[in-house]
Amino acid sequence: MAKTAVVSGVGPGLGAALVRKFAIEGCDVAMLARSLDYVRELAAEVGEETGSRLLPVAADITRPEDVASGFETVRQELGPVDILVNHASNASWKGLLDLTPAEFDLAWRVSVRGAFLCSREAVPDMLQQGAGAIIFTGATSGVRGRAGALAFSSAKFGVRGMADSMAREFWPQGIHVAHVVIDGIIDTPRVRAEFGLTEDEPALAPEAIASSYWSLIQQDPSAWSFEIDVRPAG
């Protein structure tokens, strides 16, 4: 029977690469996003390529009612959740004096509160089955604060703390909780343009990162990793 994977915060880049990788590996995949325009196109494309079931789900993951409704849709359409990737984040590239309280709150609501709400919905399914995997998308800013990115850095520290706490709580119950530090720029045309990278400058290939996530899911329980970091050579 196919495993059911949920990826929260799906857009072009790593989110799409995770969806495609899980589908290639035989998972049915639910994609949580505030807008369905992109994920509907992705579902049609990846579903045709892989034969897996792809389910677009509209949800604002900062709202408990949206998350509860979204996961209920996943269960009805695809079955209990086996894999959750807490991937959604929000960034405001500002320092202390320029950052507004609303911008600060939004970074925490998406990255930390959203991951909390999604995990709270997925874990009961995994406990009932005695197995599961939850992976958090982290960043270098979550282990070493970045100047001019106060909201993003502090929220990513919060994500790492949540992942660590959940790992200690749920590893003994068969749920592999892990945290991935993305140490570098993810290679998409938009990101290269935003950061002014030339074609020769190294960046992380989304498909390669997605393979690292899948490797975590495949680990034997006798030798689980809590944290890995990925960075480009060069």
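Trainee: In which sense do strands S5 and S6 pair, parallel or antiparallel?

Mentor: Good place to start, and do keep in mind that this is a predicted model. Strand S5 covers residues 132-139 and is joined to S6 over eight bridges. One place to look is phenylalanine 136, which stands opposite histidine 179 of S6. The sense in which S5 and S6 pair is parallel.

Trainee: Which helix does the chain pass through on its way from S5 to S6?

Mentor: Follow the chain as it leaves S5 and you trace a β-α-β crossover, which is right-handed.

Trainee: How many of the residues of S6 are buried?

Mentor: Let's take the two directions in turn. Ile175, Val177, His179 and Val181 point one way from S6, while His176, Ala178, Val180 and Ile182 point the other way. Residues on both sides are buried, and S6 (residues 175-182) is mostly covered. The count of buried residues is eight of eight.

Trainee: Which residue of S7 is the bridge partner of isoleucine 182?

Mentor: S6 runs parallel to S7, which spans residues 227-230, and four bridges join the two. Among the pairs, valine 180 has isoleucine 228 as its bridge partner in S7. For isoleucine 182, the partner in S7 is valine 230.

Trainee: Which strands stand at the edges of the sheet?

Mentor: Picture the whole sheet: it is open, with seven strands paired in parallel in the order S3-S2-S1-S4-S5-S6-S7. Neighbouring strands are turned by 20° against each other on average, if direction is ignored. Each edge strand has a single partner, so one of its sides is left without a neighbour in the sheet. The edge strands are S3 and S7.

Trainee: Which element gives the largest share of the largest nonpolar core?

Mentor: This core has 37 residues, and Val6, Leu32, Phe71, Leu84, Ile134, Phe136 and Val177 have the most contacts inside it. At least two residues each come from S2, S3, H3, H4, S5, H5 and S6. The largest share is nine residues, and its source is H4.

Trainee: Is leucine 32 buried or exposed?

Mentor: Leucine 32 has its place in strand S2. Leaving aside neighbours within four places in sequence, leucine 32 is in contact with residues including Val6, Val57, Ile61, Phe71 and Cys118. Its relative accessibility is 2%, so leucine 32 counts as buried.

Trainee: At what angle do H3 and H4 pack?

Mentor: Their crossing is right-handed. From H3 the contact is made by Pro64, Val67, Ala68, Phe71 and Arg75, and from H4 by residues including Arg113, Leu117, Cys118 and Glu121. The axes are 10 Å apart, and the angle is about 35°.

Trainee: What is the relative accessible area of serine 111?

Mentor: Serine 111 lies in helix H4. Not counting residues up to four places away in sequence, serine 111 touches Ala88, Ser89, Asn90, Ala155 and Val159. A residue is called buried under 20% relative accessible area. Serine 111 is therefore buried, as its relative accessible area is 3%.

Trainee: One more helix, then. How many of the 11 residues of H1 are buried?

Mentor: Helix H1 covers residues 14-24 and is largely enclosed by the rest of the structure. Its buried residues include Leu14, Leu18, Phe22 and also Lys21. H1 is followed by glycine 26, whose phi is positive, near 100°. The number of buried residues in H1 is nine.

Definitions and conventions
Residues are numbered from 1 along each chain as its sequence is written. This is a predicted model: local features need pLDDT of at least 70, side-chain atom pairs count only at pLDDT 80 or more; totals for chains, interfaces and linings use all residues. Side-chain values use heavy atoms; hydrogens and water are left out. Buried means under 20% relative accessible area, exposed over 50%, partly exposed in between (1.4 Å probe, protein chains only). Two strands pair if DSSP finds at least two bridges between them. A crossover is right-handed if, with the strands pointing away from the viewer, the path from the first strand over the helix to the second runs clockwise. A nonpolar core is a set of buried Ala, Val, Leu, Ile, Met, Phe, Trp, Tyr and Cys residues joined through side-chain atoms within 4.5 Å. Contact means heavy atoms within 4.5 Å. Axes are lines fitted to C-alpha atoms, for helices over the stretch in contact, and angles run from 0 to 180 degrees between N-to-C directions. A crossing is left-handed if the near helix is turned anticlockwise from the far one by less than a right angle, and right-handed if clockwise.
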